[in-house]
Amino acid sequence: MLSYNLGGMGCSAGVIALDLARDMLRANPSNYAVVVSTEAVSFTWSTGRNRSMLIPNCFFRMGCSAVLLSNRRRDFRRAKYRLEHIVRTHKGADGRASEEDEERTKGLCISRDLTEVGGHALKAHITTFGPRVLPFSEQLLFFATLFYRHLFPKKTADSAGTKPYIADYKLAFEHFCVHAASKAVLEAIQKNLRLEDRHMEASLATLHRFGNTSSSSIWYELAYLEAKGRVIGGDRVWQIAFGSGFKCNSAVWKATRRVRRPNRSPWLDCVDRYPEGR
């Protein structure tokens, strides 16, 4: 049995762990891998005086999840999902993503710059991620707009009608599990990706009920969809998480069958309360 510690990878550590587990299973046929995601504040605890680095000391809540992966053929009929894609983007080279204050005290910094850094990371991530999952028609529109902006940079700068084309990811996925960092982040993601309220329901419900549980939040969101009985065979799920560094990582799952409401779930005693204001 092999054990790997990915502490310090931030809220996107769950997807990083999935990538590692997938590589391990590829190298070891007919085997199992367990991915455990939990919040460990000790890795980012700051003892300095920078207020932006003190916020994370009280920002996160404890949460934990465990996912069993298998590459055994006989487990295919029992499996709920098939892992189709993992895409990772790391913007650590951006100086604003550094994690040391003036006194060289390490920690996680949450400031106004984080939104801008995260926006650049998301843009770079989608540029790589989109072609792998979008229908051909959406890819064609995306690259046509990108090519036009590259050929005529001055013309596009003066024209409001030639903004970067935002692909319709609703054509590629039935369900979205966006890391529940904060309401402001979720609202920004919804606006930028042009998602509907129902697509953000799992993320908002998770944030309201459990808070920001770091890397395990995307699994709480998937559990919410299952508790609602919404996942049927063939459905595609996009899990997207953001982490320190700055990192933006995605995992794509395809349901192999209808997922029945589980007998054990963190949502069983409260799932009927959501969505709020219903």
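This section describes the aromatic ring pairs of the predicted model. Residues are numbered from 1 along each chain as its sequence is written, and side-chain values use heavy atoms, with hydrogens and water left out. Because the model is predicted, local features need pLDDT of at least 70 and side-chain atom pairs count only at pLDDT 80 or more, while totals for chains, interfaces and linings use all residues.

The structure contains 15 aromatic pairs, where rings of Phe, Tyr and Trp (its six-membered ring) pair if their centres lie within 6.5 Å; planes under 30 degrees apart count as stacked, over 60 as edge-to-face and the rest as tilted. One of these is the pair of F129 and Y169, which is stacked because the ring centres are 6.3 Å apart and the planes stand at 20 degrees. F129 belongs to helix α3 (residues 113-133) and Y169 to the loop between α5 (153-157) and β4 (175-178), so the pair ties together parts 40 residues apart in sequence. Helices (H or I, at least four residues) and strands (E, at least two) are DSSP runs, numbered from the N terminus.

Y169 also pairs with W238: with centres 5.1 Å apart and planes at 35 degrees, this pair is tilted. W238 lies in strand β5 (residues 236-243), 69 residues from Y169, and the pair links distant parts of the chain.

F129 has 0% relative accessibility and therefore counts as buried (under 20% relative accessible area; exposed is over 50%, partly exposed in between; 1.4 Å probe, protein chains only). Y169 is buried at 1%, and W238 is buried at 1%. F129, Y169, F173, F176 and W238 form one aromatic cluster.
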